[in-house]
Structures are given as structure tokens and as C-alpha cells.
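Here are my notes for your review. Please read them with the model open beside you.

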Amino acid sequence: MDEDGRAAPYDDGALLTIGAFARASRLSPKALRLYDELGLLPPAHVDPHSGYRHYAPAQLERARLVAWLRRLGMPLARIREVCELTPEAAAVAVAAYWAQVEADTAARRDLAAFLVDQLERKNTAMTTPHTPLTMRYAALTDQGLVRPAHQDAAHAGPRLLAVADGYGPDGGRAAKAAIEALQGLEDQDLTSADLLGALEEAAHRAHRAHRADRTHRTAPAGDETTGSTLTALLRSGSRLTLLHVGDSRAYVLRDSGLFQITHDHSLVQSLIDEGRLTPEEAASHPQRAQLLRSLDGATEFAPDLQLLEARPGERYLLCTDGLTGVIPAEIIQQVLTAADDPDQAVRELIRLAREAGAPDNVACVVAEMTGA
């Protein structure tokens, strides 16, 4: 290496100009200059007077690997890591990357199908009379087999479905209070236009009450933060409003499959979104329980909100991570499809969670939309 940390210069006759090397490697001169700046593919020699870059023929193999990996869409930071591996380890790394790409593509394909279906519903809803709907529902919670306290809560009623997962020393109280703050919506005759505002305001009241309660209570020294997730659906006719904060989840089962209609507000989900973690790695990550958003008196309340159009035959599942942490989505879909009614579905899901060890509390709500 020379004093600049670059590969030692070769005899000029053996080197390729940047243009010749670009043609041989199928990388543009602009890309080569960028890779030089990033330390990914430094030239063998740089003329100290003209600044011209020259490359050794032996560098072509690495350059072609970089070109191929870029065609796969691999981020430059990850390409740098792969290029430093042995061929065998690099092959494993590329296979792992492509498995992640395929999983991400499948997830996006499912999301696209859901969005297309949802948008088409909104379009037909403007010209087609609404089908009167009724809703069958059931809720069930379980302490699980490991946790010393039960901190999950759930509610299912003719208008409102909700689950909450408490955490911290007083998490059970926080989860129960979050659900109770919404239950008054069951008695309000809301139009579809009122749904979103009513649900959001009720959730904000729950947050303000939790913050006030936290302020007035004297916490022991070193006390952990207490809070709760909250995922809720409020119905008026065929219109649904979804409110979500935390890592509990909502799913809908339609003819086209099972769709997760919430996005986890967790550290591991953010790492997955950034491509720094695979879903498989997230399942065993030591910080998988760390939330970025929740109903927590110490932070601002920023729930996700969306409007949905329901149709007869659909089944909705709201659940805490005590279920999704141990039961794969394909098994959840099988249970929701095969169950005779919501009550059977929640009982079977809880049974499967316990059979899988139930390391966490579990809460499930299942609702089925039926024609009136």
C-alpha cells in the first residue's frame, strides 16, 4: 500500500485507464469515481500530477461482483461487507439478502393487493348502495404460561373492537384504562363521518388521563415507564375507522387472503424498514419489545388512523404481540378461515399460543361481518 492507503502502483503498461476499466467491468466512470470515494473500489494508482485513475486487471473480478450486486439492488454498505468475505461466505450473504428481498416483495405485493381492493371499494361505494351489515364478535385474553401478571386487555362490542398491551409496573391498569376510555363510544349513534374524530378524541382523552395519573402518582426510585399499546376499530354500518399505536396488530381476512393492516411502532420494525434487519432476525432480537410509539404519559400521543370499507364475510382480528410472537401468519389465517364463528376463533388462537409456550400475555378479538 502507498502512503495514501491505496494499493501499490503497478507498472503503467499493466494498468487500465478508467475508461478501459469501465468498459471491461461494465461500470461507468462516474460509478467508479463514487466507489473510489467510498473506499469500495479504489484504483491501483492515481497519477499525482493529472489525478488520472488507473486500475489493475486483477481488480476486474471485484468490480464485476460490485456491478452484479448493484443490479440486485444491494445497498453499497452491504456490498462493501460482501466484497470483504471469502467466496463461500459471500455466497451465503447474497443468498440471505435475496431471501430478504423476496420476503419484502411478497409483503409489498400483499399490501398492493389490499390497497387496490380498498380503493376499488371506495369507488364502488360512491355509486352502489351500502349492504346493511351486522357484526358477530368475541374477545378473549390469557395470562400465558410465564408472566407473573396479566397486563393485556380486550373489548368486543357491536360498534367497538379494541386490544391493549400494558407494560411497566402498572401496565395492567394502563391497558384497562385505555380500553375503558373507548367503551363510551358503544353508546354513541355515530355516522360514518363522525367515526374518525370520535375515536381519535377518545384515545387522546385516555392519553391525557394516563399522563395526569402518572403526574400525581409518586413513582418508586428507578421505576420503569408504564404505558400501553392500543389498537381499535370503530364501526358505523360498513365503514370502519382504525386507530393504532404500538406493536399490537389488526388483520383482515378476505377472499384474497389475510392482510396486516397496522404497522408496528417498534425498534425492530424500524430496522426492518431500513433493511438492517430481516423479519427472522427481528423475532429473536434482544430489543424486540422496545416501542417507538405508545400510549405513554411521558411522550406525545401519535396514533395511526385510517378508514376502511367492510363487506359481508370478512373477518377482522385484533391481537397483542403475545399471539403474533409465537403463531405464524399462515396459521392465524388457517384458524380464521376454518372457525365456525368468532368465539371458536379466539379460543383456538389462545389454545395455540399456550401450546407454543405462551411466554407473554395474549389478547384476541375476532369479528365477522355479516349481511343484515
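1. A definition first: helix axes here are lines fitted to C-alpha atoms over the stretch in contact, and angles run from 0 to 180 degrees between N-to-C directions. With that in hand, take helix H1 (residues 18–25) and helix H3 (residues 60–72). They pack at an angle of about 60°, and their axes are 9 Å apart. Keep in mind that this is a predicted model.

2. How do H1 and H3 stand to each other? Angles from 65 to 115 degrees count as roughly perpendicular, and under 35 as roughly parallel. H1 and H3 are therefore oblique. Their crossing is right-handed. On the H1 side, Phe21, Ala24 and Ser25 make the contact; on the H3 side, Leu60, Ala63, Arg64 and Ala67 do.

3. H1 also packs on helix H2 (residues 29–37). Here the angle is about 100°, with the axes 9 Å apart. H1 and H2 are therefore roughly perpendicular. H1 contributes Ile18, Phe21 and Ala22 to this contact, and H2 contributes Pro29, Leu32 and Arg33.

4. A sheet of 3 strands comes next. It is open, its pairing is antiparallel, and its order is S1-S3-S2. Strands S1 (16–17) and S2 (45–46) are at the edges with a single partner strand each, so one side of each has no neighbour in the sheet. S1 is joined to strand S3 (residues 53–55) by 2 bridges. Leu16 has Tyr55 in S3 as its bridge partner.

5. Helix H4 (residues 76–83) has buried residues at Ile79, Val82 and Cys83. Where do the buried residues of H4 fall, seen down its axis? They lie within an arc of 95°, so they line one face of the helix.

6. Now the open sheet of 5 strands. Its order is S4-S15-S14-S10-S11, again with antiparallel pairing. The edges are strand S4 (133–142) and strand S11 (257–260); each has a single partner strand, so one side of each is left without a neighbour in the sheet. From one strand to the next, the twist averages 15°.

7. S4 and strand S15 (residues 362–371) run antiparallel and are joined by 10 bridges. Met135 is placed opposite Met369 in S15.

8. Which helices lie across this sheet? Helix H11 (residues 329–338) lies across strand S10 (249–254), S11, strand S14 (315–319) and S15, at about 120° to S11. Helix H12 (residues 342–355) lies across S4, S14 and S15, at about 155° to S15.

9. Strand S8 (residues 230–236) deserves a look. Is it buried or exposed? Buried means under 20% relative accessible area. By that cut-off 7 of its 7 residues are buried, so S8 is largely enclosed by the rest of the structure. In a regular strand, side chains alternate between the two faces of the sheet. One side of S8 carries Leu230, Ala232, Leu234 and Ser236, and the other carries Thr231, Leu233 and Arg235; all are buried.

10. S8 pairs with strand S6 (residues 160–167) in the antiparallel sense, over 4 bridges. Leu160 sits opposite Leu234 in S8. S8 is also joined to strand S9 (residues 239–245), antiparallel, by 7 bridges. Arg235 has Leu240 in S9 as its bridge partner. The hairpin of S8 and S9 has 2 residues between the strands, and Gly237 takes a positive phi near 65° there.

Terms used. Residues are numbered from 1 along each chain as its sequence is written. This is a predicted model: local features need pLDDT of at least 70, side-chain atom pairs count only at pLDDT 80 or more; totals for chains, interfaces and linings use all residues. Side-chain values use heavy atoms; hydrogens and water are left out. Two strands pair if DSSP finds at least two bridges between them. Contact means heavy atoms within 4.5 Å. Buried means under 20% relative accessible area, exposed over 50%, partly exposed in between (1.4 Å probe, protein chains only). The arc is that of the directions from the helix axis to the C-beta atoms. Angles under 35 degrees count as roughly parallel, over 145 as roughly antiparallel, 65 to 115 as roughly perpendicular and the rest as oblique. A crossing is left-handed if the near helix is turned anticlockwise from the far one by less than a right angle, and right-handed if clockwise.
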